Amino acid sequence: MINFGAVPAGAVLPIMFTTYAAATGASVTLTGLAVTDIEVYKGTSMTQRASDAGFTLLDTDGIDIDTTTGLHGLSIDTGDNTDAGFFTVGAWFHVVVSAVTVDAQTVSFVACAFRLMPAEGVAGKPKVDVDAW
């Protein structure tokens, strides 16, 4: 699992992951990956984001990126507000890939975690709160 930590609101997170054969540990291609397999949970809520808008599979299908067996990817656009009020500053989020097939097994896993912080004022530089000084 990737822990991105604090990311600016509106960021697009590239999430790459690998899959392996159960018996040998060799890299293996997963099957059945679709944006509908991506679930995002906010905080401690067990209700996932209702919309798949803003979810994208990398390398067109998310499978074998750049023809590398077992390397897969997706992205989450935290600026997509299709589910109004879902991506809020200060909240923690967990991205789960659910019900894909790896080495003839149906698996689900946590792909990443992140917390949204205020958007950056200038590209690459976080806003600073000087009130506390």
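Here is a short exchange about a predicted model of a protein chain.

Residues are numbered from 1 along each chain as its sequence is written. In this predicted model, local features need pLDDT of at least 70, side-chain atom pairs count only at pLDDT 80 or more, totals for chains, interfaces and linings use all residues, and side-chain values use heavy atoms, with hydrogens and water left out.

Student: How many helices and how many strands are in the chain?

Tutor: Start with the definitions. Helices (H or I, at least four residues) and strands (E, at least two) are DSSP runs, numbered from the N terminus. From that end, the elements run β-β-β-β-β-β-β. The count is zero helices and seven strands.

Student: Over how many bridges do β6 and β7 pair?

Tutor: Strand β7 covers residues 105-117. Thr101 stands opposite Thr106 in β7. The pairing of β6 and β7 is antiparallel, and the number of bridges is nine.

Student: Which residue meets Asp80 in a salt bridge?

Tutor: A salt bridge is a side-chain nitrogen of Lys or Arg within 4 Å of a carboxyl oxygen of Asp or Glu. A search of the whole structure finds one. Its N to O distance is 3.0 Å, and the partner of Asp80 is Arg49.

Student: How many residues apart are the two members of that pair?

Tutor: The salt bridge joins Asp80 and Arg49. Asp80 is in the loop between β5 (71-77) and β6 (92-102), while Arg49 is in the loop between β3 (38-42) and β4 (55-57). The pair links distant parts of the chain, and the separation is 31 residues.

Student: Is Asp80 buried or exposed?

Tutor: Buried means under 20% relative accessible area, exposed over 50%, and partly exposed in between, with a 1.4 Å probe and protein chains only. Asp80 has 17% relative accessibility, so Asp80 counts as buried.

Student: Which residues is Asp80 in contact with, leaving aside neighbours within four places in sequence?

Tutor: Contact means heavy atoms within 4.5 Å. Asp80 sits in the loop between β5 and β6. Its contacts are Arg49, Ala53, Gly54 and Phe87.

Student: What is the C-alpha separation of Phe55 and Val35?

Tutor: Phe55 is in strand β4 and is buried at 7% relative accessibility. Phe55 touches several residues beyond four places in sequence, including Val35, Ile38 and Arg49. Phe55 and Val35 are 20 residues apart along the chain, yet their C-alpha atoms are separated by 6.1 Å.

Student: Where does Asp103 lie?

Tutor: Asp103 has a positive phi of about 50 degrees although it is not a glycine. At 32% relative accessibility, Asp103 counts as partly exposed. Its place is the loop between β6 and β7.

Terms used. Pairing = 2+ DSSP bridges.
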